[in-house]
Amino acid sequence: MKPCLRLPRLLGLSVLSLACLLPAAVHAESTTHKSKTDKSKSSSTKAKPKKKAAPADDGEFANFSQWKEVNDFIDEMVARNGFDKAALQALFNKARYIDTAIQLIKPAPSGKPKNWQAYRARFVEPKRINAGVDFWNEHELALSRAEAQYGVPAEIIVGIIGVETVYGRNTGNFRVLDAVTTLAFDYPKTANRDARMAFFRGELENTLLFARESNIDPFSLLGSYAGAIGWPQFMPSSIRQYAVDFDGNGKIDLRNSPVDAIGSVANFLKIHGWQRGEPTVFTATVTDPGKIDNLINQGLEAKFSADELRAAGVVPGTELPAGLRFGLVDLQNGDAPTDHWLATNNFFAITQYNRSYFYAMSVIDLARAVRTARAQ
């Protein structure tokens with residue numbers, strides 16, 4: 001996995017999202033509050049102009065329609081979903097092999113120490129904070145509506161979209177069908193290759209189903225090298241399961257509607273366990289590192305009571321709310337001391353977006369920074 005990751009990623013949403021790979025190249029045009037027109041009810045809501053992206057890998061002709069595994073997949077799609085066999089064969093004959101996707105999804109070389117502070121600096125920085133203020137001001141009513149409907153604070157939604165795509169600026173320009181086809185049938189040789197290929201075949205199926213349901217050309221879908229789409233970088237299966245038409249125009253469009261992205265992020269977090277009104281993390285000090293082995297890496301959920309943590313020498317930085325359970329999060333800083341936090345299930349709901357402590361904490365810290373900047 002890429003060195004920015006704390007845990008293996010959940011390949012159910014933004015698989016190796018661009019936020020983890022692209023520089024924070026964003027220009028914040030203004031931090032002035034705009035009028036409170038409810039853009040969630042208007043089809044005129046547009047993404048801000050994007051910097052011209054460097055061309056993605058156009059790929060190479062691979063004659064996918066002649067691959068046995070592809071033809072087996074086509075037969076399954078015909079039997080299971082009623083697709084036309086000849087049409088699918090023609091489609092895969094036009095698909096391209098994306099070697100860049102293969103290279104980028106390979107695990108990073110081992111040995112480089114994880115560094116939370118270096119990771120954080122890539123996301124919690126002035127240009128992204130200012131862009132977040134602009135985004136919040138422009139979509140204030142949509143964010144408030146999402147918070148009221150789903151219970152997810154506006155700042156958390158703003159933090160996720162900021163980390164994922166810098167508010168729509170880095171959404172990816174690979175043809176999704178090419179990328180997921182390549183990864184579905186020629187995933188690099190790794191210990192979990194079979195599972196990953198099965199995952200991407202599922203995403204390929206969902207890409208074709210989503211295109212058919214939306215009446216669009218599947219080759220028109222652009223996204224990350226792993227197939228994540230739009231402002232919030234949803235995988236095709238997640239679009240079909242969790243995305244919502246939040247701008248009320250009769251269609252779901254995460255590529256061009258930031259309002260749909262706002263509602264979809266909130267809906268995803270709610271479905272994955274977000275609890276209205278609960279906090280996310282608390283600072284903590286570990287007094288005896290030798291006593292916390294049974295508290296670290298215990299899954300993405302809050303399992304321990306405050307008393308259990310204190311018995312292991314974990315001292316909260318503030319009084320903890322009664323009745324909540326927590327997980328102990330360790331954010332490694334290379335050769336410097338590790339930061340420790342007590343995480344609630346709302347923190348772990350964010351990790352369902354991306355199975356990384358670093359990711360979830362960067363979302364929370366960017367959210368706080370944008371909120372603070374906006375209040376000034």
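At 0% relative accessibility, S238 counts as buried, a class defined by under 20% relative accessible area, with exposed set at over 50% and partly exposed in between (1.4 Å probe, protein chains only). The structure is a predicted model, in which local features need pLDDT of at least 70 and side-chain atom pairs count only at pLDDT 80 or more, whereas totals for chains, interfaces and linings use all residues. Residues are numbered from 1 along each chain as its sequence is written, and side-chain values use heavy atoms, with hydrogens and water left out. S238 is placed in helix α10, which comprises residues 236-242; helices (H or I, at least four residues) and strands (E, at least two) are DSSP runs numbered from the N terminus. Between S238 and S264 the C-alpha to C-alpha distance is 9.5 Å, although 26 residues separate the two in sequence.

The protein chain contains 14 helices and eight strands, and 54% of its 376 residues count as buried. Among contacts (heavy atoms within 4.5 Å) with a separation of 6 or more, 74% join residues 24 or more positions apart. The mean of pLDDT, the predictor's confidence in each residue from 0 to 100, is 87 for the protein chain, with 85% of residues reaching 70 or more. Over residues 1-55, however, pLDDT stays under 50, and the model has 153 contacts beyond four places in sequence for this segment. Where pLDDT is low, the predicted coordinates should not be read in detail.

In helix α2, spanning residues 85-94, the buried residues are L88, L91 and F92. These residues cover an arc of only 90° around the axis, which puts them on the same side of α2, the arc being that of the directions from the helix axis to the C-beta atoms. The buried residues of α2 pack against α1 (68-81), α8 (176-186) and α9 (193-214). At the start of α2, the backbone nitrogen of A86 has a side-chain oxygen of D84 within 3.3 Å.

For α9, the 22 residues should span 32 Å at 1.5 Å a residue, in agreement with the 31 Å between its end C-alpha atoms; the expected span is 1.5 Å times one less than the number of residues. Just after α9, N215 adopts a positive phi of about 60°.

Positive phi values in residues other than glycine also include those of N63, near 55°, and Y167, near 60°. N63 occupies the loop between β1 (60-61) and α1 and is partly exposed, with a relative accessible area of 26%. Y167, in the loop between α7 (154-165) and β3 (174-175), counts as buried at 2% relative accessibility.

Conventions
A polar contact is a pair of N or O atoms within 3.5 Å; within protein, one must be able to donate a hydrogen and the other to accept it, and residues adjacent in sequence count only if both atoms are side-chain atoms.
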